[in-house]
Amino acid sequence: GSGKTWALRDLAEKVSTHTPIMCDMSSKEAGDLAMLLFTDIDGKKVVASAPHKELGLHLDQPVILFIDEIYKCKKALQVQLRQVMYERKLGDWVLPEGSIITGASNLEDEGFGDQSIAFVQNAILTIDLRKPTNDEWIDDFALPQGIHPTVIQSAKEFPAMFDDFRDCGPGDNQYIFDPRVPQQAFVTGRSLKQASDLLFALDGMPIHVITHALIKKIGERAAADMM
């Protein structure tokens with residue numbers, strides 16, 4: 001919930017000549033990328049393949065292919081995707097010249113089931129993205145997107161909402177997600193946006209109703225401080 005997939009929107013704005021494509025791999029299995037296609041070559045029956053349209057291989061213009069949740073894929077699907085990312089093709093289908101391939105996944109130690117394969121890692125460039133600071137989130141996202149003033153002020157007053165669990169001891173930060181001390185609700189950029197939506201939608205409702213809704217979205221500590 002820290003804005004990884006937002007990168008596709010930013011890229012699309014900067015490279016307007018390309019078609020942006022979001023390809024969510026968390027919902028796919030090995031074999032979903034291409035389907036068998038029976039055809040004729042010189043009068044002889046052969047088997048070819050037709051790629052999934054989400055890959056954009058059928059388009060006649062460059063694309064920005066964002067492969068989301070790649071490390072949540074099973075091994076066979078990751079190996080299939082390696083060809084797409086490294087060779088920029090799938091079987092005989094080739095991405096249009098100039099296409100951009102990028103993507104995102106979670107850290108393995110976050111405990112969401114992400115598991116990379118060294119064979120795949122070796123073919124692509126992988127970097128860790130840090131979370132935004134509270135000021136960066138306010139200036140670059142919250143203000144332009146019209147986030148509720150109470151959420152913006154809370155982010156300003158409690159910067160620990162944007163800490164990384166790897167920089168804290170187990171349970172030291174009660175705002176954020178920590179796989180060592182799991183909780184049902186916590187602060188992320190996504191949940192702060194949803195907290196903003198709740199505050200706008202519940203305007204005029206009793207305080208205890210608003211508080212309860214926020215607890216379910218951003219956790220007890222953050223909800224108490226925000227209220």
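**Residues and helices**

User: Is Leu55 buried or exposed?
Analyst: Leu55 has a relative accessible area of 0%, so Leu55 is buried. Buried means under 20% relative accessible area, exposed over 50%, and partly exposed in between, with a 1.4 Å probe and protein chains only. This is a predicted model, where local features need pLDDT of at least 70, side-chain atom pairs count only at pLDDT 80 or more, and totals for chains, interfaces and linings use all residues. Residues are numbered from 1 along each chain as its sequence is written, and side-chain values use heavy atoms, with hydrogens and water left out.

User: Where is Leu55 found?
Analyst: In the loop between β3 (44–51) and β4. Strands (E, at least two residues) and helices (H or I, at least four) are DSSP runs, numbered from the N terminus.

User: And what is Leu55 in contact with?
Analyst: Leaving aside neighbours within four places in sequence, the partners of Leu55 are Ile21, Cys23, Leu33, Leu65, Leu90 and Leu95. Contact means heavy atoms within 4.5 Å.

User: How far apart in space are Leu55 and Ile67?
Analyst: Their C-alpha atoms are 8.8 Å apart, and the two residues are 12 apart in sequence.

User: OK, helices. Which residues of α2 are buried?
Analyst: Leu77, Gln78, Leu81, Arg82, Val84 and Met85. The buried residues of α2 pack against β4 (63–68), β5 (89–90), β7 (100–104) and α3 (118–121).

User: Why would residues three or four places apart point the same way?
Analyst: Because an α-helix has 3.6 residues a turn.

User: What about Gln78, what does it touch?
Analyst: Gln78 touches Ile70, Tyr71, Cys73, Gln115, Ser116, Ile117 and Val120, not counting residues up to four places away in sequence. Gln78 counts as buried because its relative accessibility is 1%.

User: How far apart are the end C-alpha atoms of α2?
Analyst: They are 18 Å apart, which agrees with the 18 Å that the 13 residues of α2 (residues 75–87) should span at 1.5 Å a residue. The expected span is 1.5 Å times one less than the number of residues.

User: What comes after α2?
Analyst: Arg88 follows, and its phi is positive, near 60°.

User: New topic. At what angle do α4 and α5 cross?
Analyst: Helix α4 (residues 134–145) and helix α5 (residues 149–157) cross at roughly 160°, and their axes come within 9 Å. Axes are lines fitted to C-alpha atoms, for helices over the stretch in contact, and angles run from 0 to 180 degrees between N-to-C directions. The two helices, α4 and α5, are therefore roughly antiparallel, a label for angles over 145 degrees.

User: Which residues make that contact?
Analyst: On α4 they are Asn134, Asp135, Trp137, Ile138, Ala142 and Leu143, and on α5 they are Val151, Ile152, Ala155 and Lys156.

User: And how do α6 and α7 pack?
Analyst: Helix α6 (residues 189–201) and helix α7 (residues 207–218) pack at about 165°, with their axes 9 Å apart. So α6 and α7 are also roughly antiparallel to each other.

User: Which residues meet there?
Analyst: Ser191, Leu192, Gln194, Ala195, Leu198 and Leu199 in α6 meet Ile210, Ala213, Leu214, Lys217 and Ile218 in α7.

User: Last one: is Gln194 buried, exposed or partly exposed?
Analyst: With a relative accessible area of 30%, Gln194 is partly exposed.

Conventions:
Angles under 35 degrees count as roughly parallel, over 145 as roughly antiparallel, 65 to 115 as roughly perpendicular and the rest as oblique.
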